[in-house]
Amino acid sequence: MSIQRVREYFKEYGMENRIQEFQVSSATVELAAQALHCDPERIAKTLSFMVKDRVVLVVTAGDMKIDNSKYKAQFGTKAKMLSPDDAEILVGHKVGGVCPFGVKEGVEIYLDVSLKRFETIFPACGSANSAIELTISELEKYSGFLEWVEVCKGY
């Protein structure tokens, strides 16, 4: 189970008890915001893409959408999201629980600058009913990200 992999990942840092599991779905930004009683933009959504032969995750603020021209300038190709089946196979998490923690080896992680406007954000933890509250510096530390990018519209 994907959430167990994330729990084991955070256990290395003594943070597994910070993972929140809900009785309701948190599979979308709106549902996660309701479950957490926070603004939707503070949900850190993780989008999965295929960039040539690489699997790429981009973590953005919940109110953001990918800007195709910025994405192409950053990654050198048109944005092509993974199908739900491919996301589970290639990333290791099902859509609705995709996160930058406990992913399969070789998955590249990027953080979008839209997240920097918040003190804390809520990424999923490998299931469609989980999240963890992290500061931006904690997200940087625990996500294993490669770099900050700016690939969203209106930001």
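Visitor: Is R54 buried, exposed or partly exposed?

Guide: R54 counts as partly exposed, at 28% relative accessibility. Keep in mind that this is a predicted model.

Visitor: Which residue does R54 form a salt bridge with?

Guide: A salt bridge pairs a side-chain nitrogen of Lys or Arg with a carboxyl oxygen of Asp or Glu, within 4 Å. Here, R54 pairs with E108, and their closest N and O atoms are 2.8 Å apart. This pair links distant parts of the chain. R54 lies in strand β3 (residues 54-61), and E108 lies in strand β4 (residues 108-112). They are 54 residues apart.

Visitor: Is E108 buried or exposed?

Guide: E108 has a relative accessible area of 17%. Buried means under 20%, so E108 is buried.

Visitor: How many salt bridges are there in the whole structure?

Guide: A search of the whole structure finds six. One of them joins E21 and R7, with the closest N and O atoms 2.5 Å apart. This pair, too, links distant parts of the chain. E21 sits in strand β1 (residues 20-21), while R7 sits in helix α1 (residues 2-11). The two are 14 residues apart.

Visitor: What is the relative accessibility of E21, and what is that of R7?

Guide: For E21 the value is 47%, so E21 counts as partly exposed. For R7 the value is 19%, so R7 counts as buried.

Visitor: Where are R117 and D63, the pair 54 residues apart?

Guide: First, the contact. The side chains of R117 and D63 meet in a salt bridge, at 2.5 Å from N to O. R117 is in the loop between β4 and β5 (120-123). D63 is in the loop between β3 and α3 (68-75). They, too, link distant parts of the chain.

Visitor: How accessible is R117, and how accessible is D63?

Guide: R117 is partly exposed, at 35% relative accessibility. D63 is also partly exposed, with a relative accessible area of 37%.

Visitor: How many disulfides does the search find?

Guide: A disulfide is a covalent bond between the sulfur atoms of two cysteines. The search of the whole structure finds zero. Take C38: the nearest cysteine sulfur belongs to C125, 13 Å away. The cut-off is 2.5 Å, so C38 is in no disulfide. C152 is in no disulfide either, as the nearest cysteine sulfur, that of C38, is 17 Å away.

Visitor: Are C38 and C152 buried or exposed?

Guide: C38 counts as buried, at 14% relative accessibility. C152 counts as buried too, at 1%.

Note on methods: Residues are numbered from 1 along each chain as its sequence is written. This is a predicted model: local features need pLDDT of at least 70, side-chain atom pairs count only at pLDDT 80 or more; totals for chains, interfaces and linings use all residues. Side-chain values use heavy atoms; hydrogens and water are left out. Helices (H or I, at least four residues) and strands (E, at least two) are DSSP runs, numbered from the N terminus. Buried means under 20% relative accessible area, exposed over 50%, partly exposed in between (1.4 Å probe, protein chains only).
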